[in-house]
Amino acid sequence: MSVETRIRERLAALAPLSLELLDESAAHRGHAGWKPGGNTHWRLTIVSEAFRGKPTLARHRLVYQALGELMDNPIHALAIVARAPGEGGA
C-alpha cells in the first residue's frame, strides 16, 4: 500500500469534507529527512468539522494523532492547513 493511501486512510478518522495531499519530496532533495523514492515531505489541506472551534495547534495535534507512527517514518515534514467548514482560505 502506498504511503499516500496510508495517510488518506488514517486521516479518514477526521471525517474530512475535503482533503488535498501533495508529495513535495522532490523539491527537498538533499535536505534533512529526504530519502530516495520520496514520501518524506508532504503538504496537506484538510477541511473537517472536527476542527471547529479549535486553535491551530489543537488542529495540528488532531492530524498528528490520526497519522500516528507515520509521522516518525516515513513522514519527515508535513505542512498543514486545517480548517473547519466555512472558514476562509489560507
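Biologist: In this predicted model, is Thr 45 buried or exposed?
Modeller: The place of Thr 45 is in strand 2, and its contacts beyond four places in sequence are Ser 18, Leu 19, Glu 20, Val 81 and Arg 83. Its relative accessible area is 19%, and the cut-off for the buried class is under 20%, so Thr 45 counts as buried.

Biologist: Which residue stands opposite Thr 45?
Modeller: Strand 2 covers residues 41-47 and is joined to strand 1 by 6 bridges, the two strands running antiparallel. Strand 1 spans 18-23, and the residue that faces Thr 45 across this pairing is Glu 20.

Biologist: What is the order of the strands in the open sheet?
Modeller: The sheet holds 3 strands with mixed pairing, and its neighbouring strands are turned by 10° against each other on average, with direction ignored. Strand 1 (18-23) and strand 3 (77-83) are the edge strands, each pairing on one side only. The order is therefore 1-2-3.

Biologist: Which helix packs on the sheet, and about what angle does its direction make with that of strand 3?
Modeller: From the N terminus on, the elements of the chain run α-β-β-α-β, which comprises 2 helices and 3 strands. The helix that packs on the sheet touches strand 2 and strand 3 and consists of residues 56-67. This is helix 2, and the angle between its direction and that of strand 3 is about 125°.

Biologist: Is Ile 46 buried or exposed, and at what relative accessibility?
Modeller: Ile 46 also has its place in strand 2, and it touches Leu 11, Leu 14, Pro 16, Ser 18, Leu 19, Phe 51, Val 81, Ala 82 and Arg 83, leaving aside residues up to four places away in sequence. Ile 46 counts as buried, and its relative accessibility is 0%.

Biologist: How many residues apart in sequence are the parts tied together by Glu 69 and Arg 10?
Modeller: Side chains of opposite charge can pair when their charged atoms come close. Glu 69 and Arg 10 meet in a salt bridge at 2.6 Å, N to O, and both count as partly exposed, Glu 69 at 48% relative accessibility and Arg 10 at 27%. Because Glu 69 lies in the loop between helix 2 and strand 3, whereas Arg 10 lies in helix 1 (residues 3-11), the pair ties together parts whose separation in residues is 59.

Biologist: How many salt bridges does a search of the whole structure find?
Modeller: Another of them joins the side chains of Arg 52 and Glu 49 at 2.4 Å, N to O. Both residues are partly exposed, Arg 52 with a relative accessible area of 42% and Glu 49 at 43%. The search of the whole structure gives a total of 5.

Biologist: Which element has the highest mean pLDDT?
Modeller: The chain averages a pLDDT of 89, and 83% of the residues score at least 70. Among the elements, strand 2 has the lowest mean, 95, while the highest, 98, belongs to helix 2.

Notes: Residues numbered from 1 in each chain as written. Predicted model: local features only at pLDDT ≥ 70, side-chain atom pairs only at ≥ 80, totals over all residues. Heavy atoms only, no water. Helix = DSSP H or I, 4+ residues; strand = E, 2+ residues; numbered from the N terminus. Axes fitted to C-alpha atoms, helices over the stretch in contact; angles between N-to-C directions. Contact = heavy atoms within 4.5 Å. Salt bridge = Lys/Arg side-chain N within 4 Å of Asp/Glu carboxyl O. Buried < 20%, exposed > 50% of the residue type's maximum accessible area, 1.4 Å probe, protein only. pLDDT = per-residue confidence, 0-100.
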